[in-house]
Amino acid sequence: RVLSLDNGRRRILERLGHEAADALDEFLNLALAYESRETPSLQGFIAWLRAAQAEVKRDMEITRDEVRVMTVHGAKGLEAPIVILADTTTRPEGHHPPRLMELPLAGGAGLIWAASQAKDTPVTADAREATAIATVNEYRRLLYVAMTRAQRKLVICGTAPRVKKDGTESIPDGCWYQLVKHALVDNPLEPDFATEANAEDGDGIVWHYRKLPDAMKSASSPAGAESAIAFPDWLHRSYTPDPPRGAVIAPSSDGDEEEHFGTSAFERGVALERGRLVHRLMQSLPDIPQQHRAEAARRYLARAGKSLDAAAQNEIAAQALAILDDAKFSALFGENSRAELPIVGRLTGARQAEILVSGQVDRLVVTNDSVLIADYKTNRPAPHDIAGLLARHGGYVRQLALYRAVLTQIYPGKIVRAALIWTDIPALMEVPESLMDERIAGMHRPVSKP
């Protein structure tokens, strides 16, 4: 009501300008948010607003039909087509030299108020000189910030020079105007790209500086110069389409789906949950001392396997611990082994098409002369030999074959072996190299190291 019926918004905008509309709109949004969550009351809203400490920030990069007046600090990160530096003749050290200065002390630093230069001690004189140098350096850094805000045109101006008693005019030494004029107009070491002209209002002289004078621009582009340009060969060649992007193969999803007892959704869900828990235990337990593994497995299953009964939890823990304690698996869980290792590489498939392989192997161990990878499988019942593997889970062989093809490029000269760990038995089943070669024969050959 205050903003609309009582013309509060109009009066505020007349007083503060259209920029105040952002704050008013945000204020109304906060009022609506409070009303939707709390019992509406003026006192409660004011207390809530004070506790929220909301801050409204305008996007200064939005192009507006306006002139913005701001400090150099406020302009950091912003740009505009035309930038005017209106106050460039201030003293580098400021209107009043700094009096609060940092004083180096043993083991740290302190602050000192030094008002009169005539009473300086050697220590305070050094501190005053260091403060003055730091102030001038910051003054020059701000000039760099100010000049780099312009996209097309930079206008540098300042107040008229002060007239001395002898009638001469001067501006403070080292001020922005002097620094810029010396570098762009008066510098004898640089080409004279500045031209002098009368100001548009007829009052005073201005200098126009361009990186390349108009006369040089016209001289550098004579008529008929285009005929002397040597065009590159690719400009006359027909466009060659890029080769088709390679198909991405995820070996872990390329194998056969795991078999699970039962056909109901509940039984499949239980089987998937069991597989997830087994994988997690096999990944984490090797990093725990052997005497603490059983208790760690029990605590983890009690927390993460709440959907399973105690008998199922004990069965999962027993299977995982049996594998870790079996000497056949010792190499896979030793100090040089790694768990859940990403495997990414490139292969060349039939018709030279590129194949991108991306997957993750459950366990990998690298020795002096060989590399052994293993994937955990929770299928029930698990096959006991290679014939049973091929009859029901042939996709697993292709999965390991793809991993092996990539790892062969990563570890040239090493024998790469692959195996499946059946957690239900438990058993380690190494897949013959010849079988893996046969599964992907003609499908690929290595093209480059991944």
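**Briefing: helix packing, salt bridges and a surface patch**

Let's start with Arg128, which is found in helix H4, residues 122–147. This is a predicted model, and the protein has 13 helices and 15 strands. Of its 450 residues, 29% are buried. Among contacts with a separation of 6 or more, 62% are between residues 24 or more positions apart. The protein exposes about 30,000 Å², with carbon and sulfur atoms supplying 54% of that.

- Arg128 counts as buried because its relative accessibility is 14%, and the cut-off for buried is under 20%.
- Leaving aside residues up to four places away in sequence, Arg128 touches Pro98, Met101, Ala114, Ala115, Ser116, Gln117 and Asp120.
- Leu78 sits in the loop between helix H3 (42–52) and strand S1 (80–85), and at 13% relative accessibility Leu78 is buried too.
- The C-alpha atoms of Leu78 and Arg149 are 6.3 Å apart, although 71 residues separate the two along the chain.

**Helix packing**

- Helix H8 (residues 265–284) packs with helix H9 (residues 290–304) at an angle of about 145 degrees, the axes being 11 Å apart, and the crossing is right-handed.
- On the H8 side of that pairing you'll find Glu273, Arg276, Leu277, Arg280 and Leu281, which meet Ala297, Tyr300, Leu301 and Ala304 in H9.
- H8 also packs with helix H10 (residues 310–325), here at about 35 degrees with axes 10 Å apart; this crossing is right-handed as well.
- For the H10 pairing, H8 brings in Arg274, Leu277, Val278, Leu281 and Met282, and they meet Ile316, Ala317, Gln319, Ala320, Ile323 and Leu324.
- Over at helix H2 (residues 20–37), the packing with H3 is at about 115 degrees, with axes 11 Å apart, and H2 passes H3 in a right-handed crossing.
- Phe27, Leu30, Ala31, Ala33, Tyr34 and Arg37 are the H2 residues there, and they meet Gly44, Phe45, Trp48 and Leu49 in H3.

**Salt bridges**

- The count comes to 12 salt bridges.
- Glu138 pairs with Arg141, with the closest N and O atoms 3.1 Å apart. The two are three residues apart in helix H4, so about one helical turn separates them.
- Both ends of that pair are partly exposed: Glu138 has a relative accessible area of 30%, and Arg141 has 48%.
- Asp437 forms a salt bridge with Arg404, the closest N and O atoms being 2.7 Å apart. This one links distant parts of the chain, joining helix H13 (residues 433–439) at Asp437 to helix H12 (residues 394–410) at Arg404, 33 residues apart.
- Asp437 is partly exposed at 40% relative accessible area, whereas Arg404 is buried at 14%.
- Glu430 and Arg417 meet through their side chains in a salt bridge of 3.0 Å, N to O. Glu430 is in strand S14 (residues 427–431) and Arg417 in strand S13 (residues 415–422), so the pair ties together parts 13 residues apart in sequence.
- Glu430 is partly exposed, with a relative accessible area of 39%, and Arg417 counts as partly exposed at 30%.

- Ile229, Phe231, Trp234 and Leu235 make a nonpolar surface patch of about 460 Å².
- Ile229 is in the loop between helix H6 (214–219) and strand S9 (247–249), and with 47% relative accessibility Ile229 counts as partly exposed.

Note on methods:
Residues numbered from 1 in each chain as written. Predicted model: local features only at pLDDT ≥ 70, side-chain atom pairs only at ≥ 80, totals over all residues. Heavy atoms only, no water. Patch = residues over 30% accessible without salt bridge, like charges linked within 9 Å, V, L, I, M, F, W, Y side chains within 5 Å. Areas by Shrake-Rupley, 256 points an atom, 1.4 Å probe, with all protein chains shown as cover. Salt bridge = Lys/Arg side-chain N within 4 Å of Asp/Glu carboxyl O. Helix = DSSP H or I, 4+ residues; strand = E, 2+ residues; numbered from the N terminus. Buried < 20%, exposed > 50% of the residue type's maximum accessible area, 1.4 Å probe, protein only. Axes fitted to C-alpha atoms, helices over the stretch in contact; angles between N-to-C directions. Left-handed = near helix turned anticlockwise from the far one by under 90°. Contact = heavy atoms within 4.5 Å.
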